[in-house]
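This report goes through one predicted protein model, from its overall make-up to single residues. The sequence and coordinates come first.

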Amino acid sequence: MDAEVMDNIILLVLVTLLSVVQNVFFALKVEKECTGVNSKQHSTAFERLSCANRNCMDTYPTFLAVLWCAGICLSQAPAAFSGILYLVVRQKYFVGYLGQTCQSTPGFLFGKRILFFLSLMCIVGIINHLMLTYGSNDYKEYIQTITKASSTLLLLP
């Protein structure tokens, strides 16, 4: 693969690999709880782990799609930063789900905000590409500067 291409996607690749490791961790936690429980009588912990894992897997394709689209269409650094934040939030959601359901709510809401930000990055990148193609105006530099600055706003509660 061309070095220039790798430079443009390496952060996205790293975040994707970290997300795979996290998925393996979640699966191992569910498997460990499953093998420790009688098959006819599921424990509450197993049900919660299983539900948290299922919820994380339901949003995983969306996360990957917007992560890669935002990184390729606009800028990989803020997309990767947002991806790392999403993984931290997803971990918080998963662990919070083991306690009371209200402990997982902040992680869920914060994760939705990150997915919205990544989706917005995708849309802005596509619009910029269309403007460049059909209107010969390239605002990508300005948009990338704004995106890099605004990605830190995700840290605000």
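The model is predicted: local features need pLDDT of at least 70, side-chain atom pairs count only at pLDDT 80 or more, and totals for chains, interfaces and linings use all residues. Residues are numbered from 1 along each chain as its sequence is written, and side-chain values use heavy atoms, with hydrogens and water left out.

**Overall make-up**

The protein has 5 helices and 0 strands, and along the sequence the pattern reads α-α-α-α-α. Helices (H or I, at least four residues) and strands (E, at least two) are DSSP runs, numbered from the N terminus. Of its 157 residues, 36% count as buried; buried means under 20% relative accessible area, exposed over 50%, and partly exposed in between (1.4 Å probe, protein chains only). Where contact means heavy atoms within 4.5 Å, 77% of the contacts between residues at least 6 apart in sequence join residues at least 24 apart.

**The α1/α2 pair**

Helix α1 spans residues 3-35 and helix α2 residues 44-73; they pack at an angle of about 170°, with axes 10 Å apart. Axes are lines fitted to C-alpha atoms, for helices over the stretch in contact, and angles run from 0 to 180 degrees between N-to-C directions. The two helices, α1 and α2, are therefore roughly antiparallel; on this scale, angles under 35 degrees count as roughly parallel, over 145 as roughly antiparallel, 65 to 115 as roughly perpendicular and the rest as oblique. The contact of α1 with α2 is made up of 20 nonpolar, 6 polar and 2 charged residues. Ala, Val, Leu, Ile, Met, Phe, Trp, Tyr, Cys and Pro count as nonpolar, Asp, Glu, Lys and Arg as charged, and the others, Gly among them, as polar.

**Annotated spans**

An unreviewed UniProt entry lists residues 9-28, 63-89 and 114-132 under "transmembrane region". UniProt positions are given in the numbering used here, feature names are shortened, and annotations may be inferred rather than shown by experiment. In the model, residues 9-28 are 100% helix and 0% strand, with their end C-alpha atoms 29 Å apart. Residues 114-132 are also 100% helix and 0% strand, and there the end C-alpha atoms lie 27 Å apart.

N23 is placed in helix α1, while C56 lies in helix α2 and G71 lies in helix α2. The table gives their accessibility.

| Residue | Relative accessible area | Class |
|---|---|---|
| N23 | 13% | buried |
| C56 | 2% | buried |
| G71 | 6% | buried |

Leaving out residues up to four places away in sequence, N23 touches M57, Y60 and R90. With the sequence neighbours within four places set aside, C56 is in contact with F26, R90, Y93 and F94. C56 and F26 are 30 residues apart in sequence, and their C-alpha atoms are 9.0 Å apart. G71, not counting residues up to four places away, touches L12, Q76 and A79. Its C-alpha atom is separated by 7.4 Å from that of I9, 62 residues away along the chain.

**Cysteines**

How many disulfides are there? The count comes to 0, a disulfide being a pair of cysteine sulfur atoms within 2.5 Å. For C69, the closest cysteine sulfur is that of C122 at 4.6 Å, too far for a bond. For C73, the closest is that of C69 at 5.5 Å, also too far. C69 is partly exposed at 36% relative accessible area, and C73 is partly exposed at 27%.
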